[in-house]
Amino acid sequence: PALVPMLEQRWTRVRTLVSAGVNCAFSTDAGISATKPHDVLPAELTYAATQGLSNAVVLAAATSQAAASCHVGDRKGHLKPGYDADILAIPGNPLHTIEAILEPRAIFRLGQRIR
């Protein structure tokens, strides 16, 4: 319960920044413990979309804007020829229903299907 006011303030700040045109990058500290495994990013992104951000803002923050913030936007963060890309095949359009990212049908990494 003590964290709730802090989280509300955080999301208010994020919404203010996004409304002002600031590009935000989203990531997680996934993999740091058994309670936060590497596959938590989709759940974190769907949560972010419940906090007053559009699905497009959330998806860009986790892809192109995250890559740009790490100075690798010239080769990651977009589906373009010559770019490194992991591809998640999902049912539906995440711009309409972001929860679709929770149900991957296939995952491709470095051109190979890994799931």
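Two strands are taken to pair if DSSP finds at least two bridges between them, and helices (H or I, at least four residues) and strands (E, at least two) are DSSP runs, numbered from the N terminus. The structure is a predicted model, in which local features need pLDDT of at least 70 and side-chain atom pairs count only at pLDDT 80 or more, whereas totals for chains, interfaces and linings use all residues. Residues are numbered from 1 along each chain as its sequence is written, and side-chain values use heavy atoms, with hydrogens and water left out.

Strand S2 (residues 106-109) and S3 run antiparallel and are joined by two bridges, with Arg109 standing opposite Gln112 in S3. These strands belong to an open sheet of three strands in the order S1-S2-S3, with antiparallel pairing, whose edge strands, S1 (87-89) and S3 (112-113), each pair on one side only.

In helix H2 (residues 41-49), the buried residues (under 20% relative accessible area, against over 50% for exposed and in between for partly exposed; 1.4 Å probe, protein chains only) are Leu45, Thr46, Ala48 and Ala49. They cover an arc of only 155° around the axis (taken from the directions from the helix axis to the C-beta atoms), which puts them on the same side of H2. The buried residues of H2 pack against helix H1 (3-19) and helix H3 (55-62). In H3, Asn55, Val58, Leu59, Ala61 and Ala62 are buried; they cover an arc of only 160°, and therefore lie on the same side of H3. The buried residues of H3 pack against H2 and helix H4 (64-69).

Leaving aside neighbours within four places in sequence, Leu53 is in contact (heavy atoms within 4.5 Å) with residues including Trp11, Phe26 and Val58.

A search of the whole structure finds two aromatic pairs, defined by ring centres of Phe, Tyr and Trp (its six-membered ring) within 6.5 Å, with planes under 30 degrees apart counted as stacked, over 60 as edge-to-face and the rest as tilted. The rings of Trp11 and Phe26 have their centres 6.2 Å apart and their planes at 85°, so the pair is edge-to-face. Trp11 and Tyr47 also form an edge-to-face pair, 5.8 Å centre to centre with 75° between the planes.
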